[in-house]
Amino acid sequence: MTIKNIEFKNCILDEIHIREKTTNIDNTAVKESWQLDSILLARFLNNLEAGNIINEGRIITKFIIKRRNLGELDNITLHEIPYESGIKQTLEFIDYTQSAGDLIYSIVPIDESGLDGKTNEIQHESIFTGVWLVDKNDNFTFGFDKQWGGEMRNLDIALQQGRIEIPSLSKYYGVYYTPEEFVRFSLSAVIMPSNFSIAEWNSLVNKITQHIPLIVKSGSGDIYVCDVYSPQKSTWLVNAYRKNDPVEISVECMEIMSVQEYMGE
Amino acid sequence: MSIQKPYNINLAGNVYPPEEDIILSWSISGGIQFYKEIIILDNSDDSTVFTLSKTSSFAQNYTVPANTLLGGKQYKAIVQVWDDSGNTSISDSIIFETSSRPIVVIDTVPTINAPSYTFTFVYTQNESAKMRSWIAYLYNSKQELLKNSGIQTTLTLSYIFDYLQSDNNYYIEIQATSEKGIVGTSGKIPFLVKYTQPNISFDFVAENTENAGVKLTWSTIQIFGESENAFYIDNEKIDVTSGSVWFDKNYVIEEDFSMRLLIENVPNEIFNIIENAPIIISATEPTNPNSLWLMDSDQLTEKALTLVSSPNTPITTDSLWIVDDNLTEEKILTINVDIKQPSGENVVWLDISSNLDDLTFNIIHEDDYTIYLRRYNNTFYLYKDSEIVDSFKLTATNYCLIIKRINNVWSIEGADVTP
C-alpha cells in the first residue's frame, strides 16, 4: 500500500499537506504548520522543501548545538551531530556542562558548504540538586548530592583574594590587592553504592588523578572549573553489608579558570 | 611661617579638551590663601593667553571656561597666592596640553533584518590627532551593557555584533581614544532588529536528567521535490500550468492518509454529455454537431443509422451492425458520449476522457495503479486507473481539496476558498 510518487501539473499550487490524520481536516485557506502526524508539507516558499525543517533548498549535513544563559547574547558551541538528509531521524544530545538556571539552547542546521541555516531555540530551566563534577570531554559525571538522614550538610565556598597588608609609616596598614581571585572549597557527600562502592570510588579517583580541569556545579546555580584533588573516603569500620554500605567521599576543589575559557578549549 | 608656593597643580603633564571647562586646582602650605591669581601662557612663545587677576578667594581651584584655549597646543600655567598679611608666593610653571575630544559618528543603522550586523563608524579629530584605539559596546533596550568588542586597534572602523534577536531594540556605542588619550563617544544609538523567524517546526524538547544533565531531543526530516517548467508566484505559490512538480523521495505513505491541497486555476473542461447520440453517415459533416459521423463520400445526403447488435445480418434497415455471436436475437443499442461509463442496458459507451485536458495530479501506487484527478463540468473526478472512484463539485477558482485513502478506499471532498 506504499505510495512512491506524487506529481502535480496543470494548476497553481499554494500548499500540499499530507498527513496520517483523516478526520476533521480543515477545508479553508488557512496555511498549516508541521504536525506530529505530518508526512509531507510543501509550502512553495521559493523552494520545493516539504519536510519539517526548511533550509532554503540547501541540504543539511549536520546540526550544531549551542547554549547561552537567558538574557545573554554569547553562545557556547556544545556539539556537532551529523545528519543524513532524506531520512526521518530522531536526534538526541545530553548536555552536562550547564549550570542550574534558565538557559537557551539553539540548534543550527549546517549545509554542505558549511553555511549556517536558521536557528531554532528553546528556553529551558535546568534543575538539579547537590554538587556535580563533570568532565566535558567524556561526559563523566559524579554527584555529591546525598547526605545522612536528618543532616543539613553545607557547602562553604571561600573566595581567595590576593590581598597584601603592608605596614606603613602612617597610622594604618596599606592594603593592596593583586589580580588573584578564585574560589576554594571542600566537597563531601554520602555515596549509596548501586552496585559496589569500590567501582564508584575508583571512577572518581581515576578521573581526579588525570589532573584535568573539571566543572563543579551546584543546584543553586554556582558553576566553577576546578582542579579537584585529595579524594578521601570514609567507610564504616565494621562493614555489615559489603555491597550496600554507604561511603562518605570528600574532595578538595580549587578554581583554576573561567567556564568560558574551559568551554572554548 | 608665610604662605609657601602652590604645589600639586593637577594640570601638570595632562591633556584636556579645550572645548570643555578645565578645572585647575592646587595645594598650599605655610598659611591660608586669601587671594589668588592665575596666568596661562602659550608655551611656544610665552605669550599670555589667559589671566585671572588677583582675586579674593579661599578656593584652591579655578575653572578655566570652555573654549578659552585652543586645541592642539601646549600651555604653561602659573598660580600666585597671597595670605592675609600680604605675603605672596608663585608656583612653578606647569606644562599641560590641549586636544579636542574626538568626534565619533556611527554610520546610519537601518532596521536590521538579520541576526548579525556590521557596524561602521567615522573618527575625526580637530587637530588631526590619530586614533589610538576604540571599543564598541552593545546595550539592550534598557541600556544595560550586553557585550563589548574589547579594545580594538585596527584601522578598519567596523565591528560585527551577532546573535541579535528579532523584535528587539538595542543600543550601539563606539568610544574612540585619540593618541592624546582623550576619549570621544558616539553616544548610544538605538536600533531595531527585525527578521523573519525561522520556518522550523520540529518538536524540540528539553528535559532534565537524573545526573544533572539536560537532554535535547528533536525529530527532523528534510524532503525535496523536483520540478520542470515551473515558476514561483509571490514567493508562496508554484505555477505548474505548463510544467509539473513531483515528490518521489524521502517520504513514505503506507497506511491511511489525507492530502490537503490549496490549489487554483485547475482547468475545467466543459462539454455536453450526449445520450443516445445519433449516428449519421454522409459525405459531408452532419448538421447535428452532437452526432457520430461516419464519412462516406458516396452518401451525398445525410442518413441516420441505428446501432444494432446481433449474431446475423440485422433485420433493421439502415443499421450499423456489431456482430455478437453470444446474442440470440437482434438488439438495438444507443450510444452515450461521456467520460464515465453509463449505467443501463444496451448502451454503448464512447469514452472521451482520454481526449480531454491532462491530469491535475497523479499518485503512483506501489501496486502500480494510478490515482489521478480531472475536472470537467465544474466537478472534480478522482480516478483509480480508468475508474472514477469519487467526485466533488466546486465552481470557483480557488479550492481546498482533501483527498483521502482510508482502508484502501479513495475519496475526495473540498470547498471553495477565498483567495
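This is a predicted model: local features need pLDDT of at least 70, side-chain atom pairs count only at pLDDT 80 or more; totals for chains, interfaces and linings use all residues.
Local features were considered at pLDDT of at least 70 and side-chain atom pairs at pLDDT 80 or more, whereas totals for chains, interfaces and linings use all residues; side-chain values rest on heavy atoms, with hydrogens and water left out. Residues are numbered from 1 along each chain as its sequence is written, and chains are lettered from A, and ligands numbered from 1, in the order in which they are written.

Chain A contributes 90 residues and chain B 92 residues to the contact, defined by heavy atoms within 4.5 Å. About 8900 Å² is buried between the two chains, 57% of it from carbon and sulfur atoms; buried area is the accessible area (1.4 Å probe) lost on putting two parts together, summed over both.

Between chain A and chain B, 41 residue pairs are in polar contact, both residues being at pLDDT 80 or more. A polar contact is a pair of N or O atoms within 3.5 Å; within protein, one must be able to donate a hydrogen and the other to accept it, and residues adjacent in sequence count only if both atoms are side-chain atoms. On the side of chain A that touches chain B, β2(A) gives the most, with 8 residues. Strands are DSSP runs (E, at least two residues), numbered from the N terminus.

β2(A) pairs with β23 (residues 257-264) of chain B in the antiparallel sense over 7 bridges, pairing requiring at least two DSSP bridges. In β23(B), Arg260(B) lies opposite His17(A).

Conventions
Helices (H or I, at least four residues) and strands (E, at least two) are DSSP runs, numbered from the N terminus.
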